[in-house]
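Student: I am new to this structure. Please take one part of the chain and walk me through it closely.

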Amino acid sequence: MEFLGAMGATATSLVGYVVPFLFVLTIVVFIHELGHFLVGRWCGVGVQAFSIGFGKELIGWTDRRGTRWKLSAIPLGGYVKFAGDANAASMPDRDVLDNLTPEERRVSFFHKSVGRRAAIVAAGPIANFLLAIAIFGGAAYFNGRQVLVPKVAAVQENSAAARAGFQAGDIVLSIDGRPITSFNDMQRIVSGRAEEELTFVVDRAGSQTRLTATPDLREITTPFGKQRLGMLGLQAASNDPANWHVQRFGLIEAVGVGVSETWFIVTRTYDYVAKLVTGRESTDQLSGPIRIAEVSGKVASMGGIFSLINLAAILSVSIGLINLVPIPMLDGGHLLFYAIEALRGRPLSEAAQEIGFRIGLAIVVMLMLFVTWNDLTHLGLALSQRGT
């Protein structure tokens, strides 16, 4: 009975992770591929298949234009196959291209101008960014934003804030000249500026005081792994309801919020990559499907559908950025080839493109193996901690 109970708990746990993960991933992948699909159609390219997932088709139908819409067995991505594509990676099928009729050439992806091909490829990542803007902006428009006044309730001893001279009751007005309207604004800036000198202007008993502080570097554990963040050591005055208010936004303002939130994720991602290259960040934060599934399950259990949609926005930005990396096999690699073609006046040779695709495939496979190893290591540590 204990064994059956453990098996049931494990199955429930898997369902609790897998279902939210597939929900989030399907939204992100569908929007990404829909971007390719719509711009391809607008550019007059024939679309042979639109697939969510890879491998064997599970269910599907064919529309009146001959596009096969399908759900496939391996739900870890998707693709749009245009007329002339040899495979899901949009490599050209030269045997097919050389034998196309004039009518088929008219709808072939590879017979479109380099500008149109670039627009079709770029549409996927752009759609991901637009999805994030829509989700963040929609949340701001319909729900507003809970704002906590950037007021200091207490200062931790021996912290960066204590050394800088912060006092309880201070209200932060600006950091390095940037206006601060909420405690969250301050946290975002400070967390990304560890060991960098910052200039604060605070309201202290009605008069402005200038303080200089250097956030300490601290390592904390998150669902995505260990993160190195800057910390001052200030405690927010969150227990007083008077310090909270709901900020409402009009439609245009809400779109601005969506753009701002999306841009924040972009800048933090590039900042992380830069610090990773210089050895100031750990690869522990690089996550794959296993850890994303784990996080999706936790988010679903704590915040429900709306939190999952917010996670989809964050993941959508990440997918958009990853696809813009100039590695063959990814959208960014195709865009790199098209940029070279535009400069040379002719495409790279078939041999050069083939080598590029092989190198790109090797890089993508190695990255997937690495993040999967990261995920398994993280999962093993989590299970061992539960056991103790």
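Tutor: The chain's accessible surface comes to about 21200 Å² in this predicted model. Carbon and sulfur atoms account for 63% of that surface. The chain has 388 residues, and 39% of them count as buried. It holds 10 helices and 12 strands. Take the contacts between residues at least 6 apart in sequence: 62% of these join residues at least 24 apart.

Start with helix α8, residues 289-323. This helix has 35 residues. A straight helix at 1.5 Å a residue would reach 51 Å. Yet the end C-alpha atoms of α8 are only 16 Å apart. Look along α8 for a kink: there is one of about 135°, centred on G303.

Next comes the loop between α8 and α9, where M329 has its place. Phi of M329 is near 100°, a positive value in a residue other than glycine. Most residues other than glycine have a negative phi. M329 counts as partly exposed because its relative accessibility is 28%, between the 20% and 50% cut-offs.

Then helix α9, residues 331-344. Its 14 residues should span 20 Å at 1.5 Å a residue, and the end C-alpha atoms are 20 Å apart, so the two values agree.

Several residues of α9 are buried: D331, G332, G333, H334, F337, Y338 and E341. Keep the helix turn in mind while reading that list. An α-helix has 3.6 residues a turn, so residues three or four places apart point the same way. H334, F337, Y338 and E341 are among the buried residues of α9.

G345 follows α9, and its phi is positive, near 85°.

Elsewhere in the chain, A205 also has a positive phi, near 55°, and is a residue other than glycine. A205 sits in the loop between β7 (198-204) and β8 (207-213). With a relative accessible area of 82%, A205 is exposed.

Y141, F142, L251, I252, V255 and V259 form a nonpolar patch, with about 650 Å² of accessible area together. Helices α4 (114-143) and α7 (251-277) each supply at least two of the patch residues. α7 gives the most, with 4 residues. V255 lies in α7 and counts as partly exposed, at 42% relative accessibility.

Note on methods
Residues numbered from 1 in each chain as written. Predicted model: local features only at pLDDT ≥ 70, side-chain atom pairs only at ≥ 80, totals over all residues. Heavy atoms only, no water. Expected span 1.5 Å × (residues − 1). Bend = angle between axes of the 7 residues up to and from the residue. Buried < 20%, exposed > 50% of the residue type's maximum accessible area, 1.4 Å probe, protein only. Contact = heavy atoms within 4.5 Å. Areas by Shrake-Rupley, 256 points an atom, 1.4 Å probe, with all protein chains shown as cover. Patch = residues over 30% accessible without salt bridge, like charges linked within 9 Å, V, L, I, M, F, W, Y side chains within 5 Å. Salt bridge = Lys/Arg side-chain N within 4 Å of Asp/Glu carboxyl O.
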